[in-house]
Amino acid sequence: MKNRISFTCVATLALVACNGSETTGDENKNAERVDFHEEGLPLVDDGVDVSLTFVSPKSTLAPDFDEMRIFQRLEEETNVTINWNNIPGDGYVERKNLMLASNDLPDAFYNAGFSDYDLVRYGRDGAIIPLEGLIEEYAPNLQSILDARPELLAVLTAPDGHIYSLPRVEEMGLVPFANFTVINQAWLDKVGLDQPDTLDELKEALRAFREQDVNGSGSTDEVLSLTPNDGFQGYLGDFFAAFGLPDNPNKLVVKDQEVIFTAIREEYKEAIVYFHEWFKEGLIDQEVFTQDTGQFLAKGKQDPNPLGAFLFWEIESVVGLDRADDYTLLGPLEGPNGHRMYGRSNHQEHHRSAFVMTSANENPELTMRWVDQLYDPTLSAQINWGPIGDIYEEDENGMLVNVDLPEGTTMGEYRERVAPMGPSVVLEEHFGTIVDMEPRAKQRLKDIETYYSEYIWEENYPNVFMTEEELDRLNYIETDLMDLVNRNYARWLMEGGIEEEWDAYVNQLNDMGLEEVMSIRQEAFNRFHRQVPD
């Protein structure tokens, strides 16, 4: 693959021609075309009136983006005003789809959240424009990153060869590992047990917690809890690795470059048989398949505390700072047949769809120059975690270092208030040179190294970019297929019956098109790896 992106359709007229769609943008009050500086700052001269219209979701904790310190500073430096249309996160997708359907388009979608299907469909229809030529000509910060990370270029490049969105990257080595196993050490001490090293020993610890009523509730409510509805954290399938094959919410793992569907494997069946006995005995929270993440997190703060053990991202977010010292991490537990491994999620550190430009934009080159400022690593760190003065200060070497948070504030909550997120790239080599990693991330990396590194599953399914035809077929087949898998997963764990129903279940999945799904997934996997040089 060439390191440099090919130049395509840079001038505004050429962009319209490439997209096959012409939109004036007048009805949306988009900025008229203006002259701009191709290098340096500001982007436009003093007195030039240009206000680009961006639509973006935002956290309920965050102010409107025009009130954010980081964007106020950027406006001063660039002389470009952004007219922000912030939409609460839970209503964003619907509003975004309505804008696209009615051709009522902003200049760009920031933190765009376009699905792959959105990108290929609206790219084909011309509602959003290809960006590869603009990147090469007007985004030196981003271009240098793509030169250094060909795998990121593969993530961004659609099957038709165009780039329709810009990335968000955070190379911390954390997101593949969504869950830690946590146990109440204070309760272990109370019942006189050592930390469990196997699943059977964890089961015995949970039994002891209940039998001795360690929380003093007067009932057998001391349980292992989790929240599989989260789709990322709190997934019981993380324990399935102890049966010889990891599992994850989308049921895709990779072994020796082969894509495997876990939910028809004998290891998966064996794990469900095993954990059904835990459910039957009441050792696992009976509400795990009905509670949402918020309800799960509330349980860790209630009195009396019911959590003997849990699976989640971190201890403090589940039980709070006051109880965190009562809990300790466990490494991967050994299964009944001697397997011990730590699976990984298919969540990625390289994301597309952080920024999308529309055909209504009369200033695509200026817009690309503006957004490329965010790919300067120092500014990327501030976009991602928060600005100097709120989250960071500069040390004597110019590196961003963390400052103390306001009293009683967690990093996660404060970050939502001051960091807009969105288009940014912080690479592994930027930590310790450009920006100091936040303390809780340093601790998580240390915990991964201490408890899990020896047992980590090597491969995962990458952030592949599929064709429209492939996505159509997957959307047609996978929705019903995964509904069957997930319904049976929950029912078999709670009620049993997997051994009697297994063969019919596997046959039904095959009849629904599982073989075609896996063929599409494997071809997309192979295509991705052909794009990335060895």
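## Domains and their separation

The domain bounds used here come from an automatic or database domain assignment. In this predicted model, the assignment divides the protein into domain 1, made of 51-173 + 349-430, and domain 2, made of 180-346 + 464-531. Taken over C-alpha atoms, the centres of domain 1 and domain 2 are separated by 33 Å.

## The interface between the domains

The size of an interface is often given as the accessible area lost when the parts come together. For domain 1 and domain 2 the buried area is about 1,100 Å², with 65% of it given by carbon and sulfur atoms. On the side of domain 1, Tyr117, Ala154 and Pro159 supply 45% of the area buried against domain 2, more than any other three residues. In terms of contacts, 14 residues of domain 1 meet 10 residues of domain 2.

Across this interface there are 3 residue pairs in polar contact, both residues being at pLDDT 80 or more. The elements that give two or more residues to the side of domain 1 touching domain 2 are helix H4 (116-125) and helix H7 (150-156), and H4 gives the most, with 6 residues. Sorted by class, that side of domain 1 has 8 nonpolar, 1 polar and 5 charged residues. The rule for salt bridges finds 1 across the interface of domain 1 and domain 2. A salt bridge is also found between Glu468 and Arg124, whose closest N and O atoms are 2.7 Å apart.

By the rule applied here, the count of salt bridges comes to 31. One of them joins the side chains of Asp118 and Lys96, at 2.9 Å from N to O. Asp118 lies in helix H4 and Lys96 in helix H3 (residues 89-102), so this pair ties together parts that are 22 residues apart in sequence. Both Asp118 and Lys96 are buried.

A further salt bridge is formed by Lys299 with Asp285, where the closest N and O atoms are 2.6 Å apart. This pair links distant parts of the chain, with Lys299 in helix H11 (residues 293-299) and Asp285 in the loop between helix H10 (266-281) and H11, 14 residues apart. Lys299 counts as buried because its relative accessibility is 12%, and Asp285 counts as buried because its value is 7%; the cut-off for buried is under 20%. Arg521 and Glu478 form another salt bridge, with 2.9 Å between the closest N and O atoms. Here too distant parts of the chain are linked, since Arg521 is in helix H19 (residues 514-531) and Glu478 in helix H17 (residues 468-495), 43 residues apart. Arg521 is buried, as is Glu478. Salt bridges that share partners also join Arg149, Glu151, Glu171 and Glu429 into one network.

## The setting of Ser424

Ser424 belongs to strand S14 (residues 424-426), and Ser424 counts as buried because its relative accessibility is 0%. A polar atom of the Ser424 side chain lies 3.1 Å from the backbone oxygen of Gly422.

Leaving aside residues up to four places away in sequence, Ser424 touches Pro167, Arg168, Val169, Leu374, Tyr375, Ser380, Ile383 and Asn384.

How values were computed:
Residues numbered from 1 in each chain as written. Predicted model: local features only at pLDDT ≥ 70, side-chain atom pairs only at ≥ 80, totals over all residues. Heavy atoms only, no water. Helix = DSSP H or I, 4+ residues; strand = E, 2+ residues; numbered from the N terminus. Buried < 20%, exposed > 50% of the residue type's maximum accessible area, 1.4 Å probe, protein only. Polar contact = N/O pair within 3.5 Å; in protein donor to acceptor, adjacent residues only side chain to side chain. Contact = heavy atoms within 4.5 Å. Buried area = accessible area lost by both parts, 1.4 Å probe. Salt bridge = Lys/Arg side-chain N within 4 Å of Asp/Glu carboxyl O. Nonpolar A, V, L, I, M, F, W, Y, C, P; charged D, E, K, R; others polar.
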